[in-house]
Amino acid sequence: MPTDETPGGAPRRPTLAVWKFASCDGCQLTLLDCEDELLGIAEKVDISHFLEASSATAPGPYDLSLVEGSVTTPRDVERIRHVRAVSRRLVTIGACATAGGVQALRNYADVAEFQAVVYARPDYVAALATSTPIAAHVPVDFELRGCPIDRGQLLEVITAHLAGRTPGVPRHSVCFECKQRGTTCVTVAHGTPCLGPVTHAGCGALCPTMGRGCYGCFGPSDSTNLPAFVPLLRRDGMDTLDVVRVLRTFNTAAEEFDAASRDEEELR
Amino acid sequence: MTGCERDSADAVIDKDGMDALITILAARGRTVVGPTVRDGAIILAEISGGAELPYGWGVELEAGRYRLVARDDGAAFAHSAGPQSWKTFLHPPRVREWSADRDADGTIVVTADDTPVPAYAFLGVRPCDLRAIAVQDRVLTGGRYGDSAYRRRRDGAFLVAVECTEPGATCFCVSMETGPAVGPGYDLALTEVLDGDGHRFLVRAGSGEGAAVLAELPSRAADSATRSAARDRVAEAADRMGRTMPLVDLRTLMRETLDAERWNDVTSRCLTCGNCTMVCPTCFCTTVEDVTDLTGDHAERWRHWESCFDRDFTHVPTGPVRDSPRSRYRQWATHKLGTWYDQFGSSGCVGCGRCIVWCPVGIDITEEAHALNRERGRSTAQEAG
């Protein structure tokens, strides 16, 4: 990407923008959390729009936009179209942007009812009935999963962008990561419920390595079989409500988790 | 260090002798890796003394289930295959193949990875796993394009085999003719014996270095009672296999059942999570990944384990070649039991049972083979009728 030249002929550094929608800011903080590499990033890209870090912004268009958060308001719908229009490459980061986030729990309930209960003037609140991922609204070039995203994977996405190559971000299950780092399977050896077999890799099998089950914060892998998997959770002690709850967290609106949790709920 | 098979004198060592064995191997500059209890399982890890061996621990195995259980007899090797195999050390999950740096003048210098390879001593290699190592030797170094890093690790490794006296419920080495008695390829072979005469190990050397190590061990001459007890325990183990393969030519069975309905049945249960391939001691597939740093002046090529259950494993510009879970499970099973013969001259399965145990949903390759065999029988009968 760093091929453009400024009018004077000097090579132009690619511009980076970071955008926030409905989210907790944790994923964009991951960029600031790249302490050792942050200066290196700043040397290679112009961080042109990153309100979490600086209120100074430069106008677009931007070479690389990192988008955090889900679409939850009518204004978000307009804003994401603008972001898409001013971005050459749009990468969504985190469970909110890629799956709708934990706030997509609203998709199973009546938002008007919440508003009536919580707000004195619900008519002041302009919220959509659902929380949806960015890709439901505009074309997305790459999705980086996780709640929050993995720092190493974010660096990989940025460096891959700078080198003009595809990021090395596997889409298979977390089980690959457990086996490759020598973590004994918590389900097979201990009967611990674990979403690893249906969950997208990327965290490095953080939870199983600490002896607990994966809770799916990277969302579904690219090859799941939830109907075959859910009976395992039951075998290992989860009841229907537990199964619904474990599927309805940060990636509740991801298609595979959503379908499985709805199937389970029908059993209740 | 292997390949020099000979009938050397056997000897008997006790637990102190086992401690001495570890000490002697370490003194020879070797990294000793053996079974040890960690995280509720008997794993393979670097050990520095006999006390780290799993004395008094066994395992209960079933499809999709592994439990560590205490044993009254204090045996060290009365457990079957654990969550890892020796490929973790000989064919590691992640290795850097080379790195490249761009100088100020734009010259690119590529440097092959020269991370020193440990001289391993593997303590407690089961007969099935000894065969698995031989299978990987053939795959990774047998052809024109040998894996030199594997060869270095392998050539430097000293193998202490332990005959199997306590097969698990998921074991079927007898069907695959890989155990429970030890085959060729070891430096030392042990058989653990526990009876009224005490806790001891019958030891034989299978190589020059094995004989040299044996000579250094505090041992006594083997007595006929120990020899016959060892023989009996291994023979009894052969009768206690938890699983069997159908008594047919598996290669033909795979070839003749490619369109079987059973593949749909197993696919409805398969999670395509890849665990079976990762725990399999012969699965060898890898992929490479090129990484660059922020400057773009430094690049590295890493090789890591890959699996035929990963959709991206067969990714080509139009998408994955084996997109359906059915095609992926079938590829794995038919390669393992069938086309492996065409490619490498042997079965790819050694009957260790790991794929059965560590499959979260407990898919059992022996059960699938039996089902395919039955389905083939039914369709043959229909054609005849």
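Figure 1. Domain 1 of chain A covers residues 15-163 and domain 2 of chain A covers residues 174-267, with bounds that come from an automatic or database domain assignment. To the contact, domain 1 of chain A contributes 15 residues and domain 2 of chain A contributes 13 residues; two residues are in contact if their C-beta atoms, placed from the backbone, lie within 7 Å. On the side of domain 1 of chain A that touches domain 2 of chain A, helix α4 (residues 94-99) of chain A gives the most, with three residues. By class, that side of domain 1 of chain A has six nonpolar, seven polar and two charged residues (nonpolar: Ala, Val, Leu, Ile, Met, Phe, Trp, Tyr, Cys and Pro; charged: Asp, Glu, Lys and Arg; polar: the others, Gly among them). Residues are numbered from 1 along each chain as its sequence is written, and chains are lettered from A and ligands numbered from 1 in the order in which they are written. As the model is predicted, local features need pLDDT of at least 70 and side-chain atom pairs count only at pLDDT 80 or more, while totals for chains, interfaces and linings use all residues.

**Figure 2. Overall fold of chain B.** Chain B has 13 helices and 16 strands, defined as DSSP runs numbered from the N terminus (helices H or I, at least four residues; strands E, at least two). Its radius of gyration is 23 Å, close to the 21 Å that the globule rule gives for 385 residues, so chain B is as compact as a globular protein of that length; the radius is taken over C-alpha atoms, and the rule is 2.2 Å times the number of residues to the power 0.38. Along its principal axes, the C-alpha trace of chain B spans about 80 × 65 × 35 Å. Of the 385 residues of chain B, 47% count as buried, a class that requires 20 or more other C-beta atoms within 10 Å of a residue's own, with C-beta atoms placed from the backbone. Among contacts in chain B between residues at least 6 apart in sequence, 72% join residues at least 24 apart.

**Figure 3. The open eight-stranded sheet of chain B.** The strand order is β3-β2-β8-β9-β10-β11-β1-β12, with mixed pairing; two strands pair if DSSP finds at least two bridges between them. At the edges, β3 (41-46) and β12 (220-221) of chain B each pair on one side only. Strands β8 (residues 120-125) and β9 (residues 158-162) of chain B are parallel and share four bridges, and B:Val125 has B:Ala161 as its bridge partner in β9(B). Helix α6 (residues 208-216) of chain B packs on the sheet, where it touches β1, β9, β10 and β11 of chain B. The direction of this helix makes about 140° with that of β11(B), the axes being lines fitted to C-alpha atoms, for helices over the stretch in contact, and the angles running from 0 to 180 degrees between N-to-C directions.

**Figure 4. Strand β11 of chain B and its neighbours.** Strand β11 (residues 198-205) of chain B is mostly covered, with six of its eight residues buried. Strand β10 (residues 188-195) of chain B runs antiparallel to β11(B) and is joined to it by eight bridges; the two form a hairpin with two residues between them. B:Thr191 is bridged to B:Leu202 in β11(B). Strand β1 (residues 11-13) of chain B also pairs with β11(B) in the antiparallel sense, over three bridges, and B:Ala11 stands opposite B:Val203.

**Figure 5. Surroundings of B:Cys349.** B:Cys349 lies in the loop between α11 (325-344) and α12 (354-357) of chain B. This residue is buried, because 31 other C-beta atoms lie within 10 Å. Not counting residues up to four places away in sequence, B:Cys349 touches B:Met176, B:Lys336 and B:Leu337. The C-alpha atoms of B:Cys349 and B:His335, which are 14 residues apart along the chain, are separated by 9.4 Å.

Note on methods: A residue is buried if 20 or more other C-beta atoms lie within 10 Å of its own, exposed if 12 or fewer, and partly exposed in between; C-beta atoms are placed from the backbone.
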